[in-house]
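Have a look at the structure first, then read on.

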Amino acid sequence: MNLSKLQHKLPDAVFNELDTIVNKYHGNTPLRMAHFLAQCSHESNSFALTKENLNYSANGLLSVFHKYFPTEALAKEFERQPERIGNKVYANRMGNGDEASGDGFRYRGRGYIQLTGKDNYKAFQDSIGEVLMGNPELVATKYPLASAGFFFNKNNIWAICDEGSTEEVVKKVSKRVNGGLIGIDDRIKKFSIFSSLLL
């Protein structure tokens, strides 16, 4: 696969991690790479964001995390407090402890596809052989693309990528990445850009 056409289309930090995606996480065909980069680019605002922003207003909490903030009063109590919000919404799941443990905020979403939860951080740590549990920020600063490759590989999203380059396939990949079709027009547009460079 010729990745050289991507060199000036991606930030250097992203381009320099591509070999890891190809060789370690099986993003080893032009079709897989086009799907992968399209999703990463969309999820990270064109590779600009590497960590989850939990600085929500009360209205944001009611909209995005209604399950955890069912009333306006509760949302008001937590608004604009990212650490408290993370500890509440991610408590007691994905291997995290309770709210008081601080795991929710400590293992909040990082990387271009938002690796989230203590169990996922531990699995990624085992995959790369570098200690992350004491320094989870490394996912955002050193491994934002590799963590996304790990996510694609662990969840067998490559098998969907292999189905082709139609909009329907982009939609299926998007559902596995995001749980729905949020931002689908941009995802399709980005897939078109990367596929034109790679396919």
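Searching the whole structure turns up zero disulfides, a disulfide being a pair of cysteine sulfur atoms within 2.5 Å. Keep in mind that this is a predicted model, where local features need pLDDT of at least 70, side-chain atom pairs count only at pLDDT 80 or more, and totals for chains, interfaces and linings use all residues. Residues are numbered from 1 along each chain as its sequence is written, and side-chain values use heavy atoms, with hydrogens and water left out.

- Cys40 is in no disulfide, and its nearest cysteine sulfur belongs to Cys161, 10 Å away.
- Cys40 is buried at 0% relative accessible area (buried is under 20%, exposed over 50%, partly exposed in between, using a 1.4 Å probe and protein chains only).
- Cys161 is buried too, with a relative accessible area of 0%.

**Arg32**
- Arg32 sits in helix α3, residues 30-43 (helices are DSSP runs of H or I, at least four residues, numbered from the N terminus).
- Arg32 counts as buried, at 15% relative accessibility.
- Beyond residues up to four places away in sequence, Arg32 touches His26, Gly27, Trp158, Cys161 and Asp162 (contact means heavy atoms within 4.5 Å).

**Asn28**
- Asn28 lies in the loop between α2 (18-23) and α3, and counts as partly exposed at 39% relative accessibility.
- The side chains of Asn28 and Arg32 make a polar contact at 3.4 Å (a pair of N or O atoms within 3.5 Å; within protein, one must be able to donate a hydrogen and the other to accept it, and residues adjacent in sequence count only if both atoms are side-chain atoms).
- Leaving aside neighbours within four places in sequence, Asn28 is in contact with Met1 and Val22.

How values were computed
Helix = DSSP H or I, 4+ residues; strand = E, 2+ residues; numbered from the N terminus.
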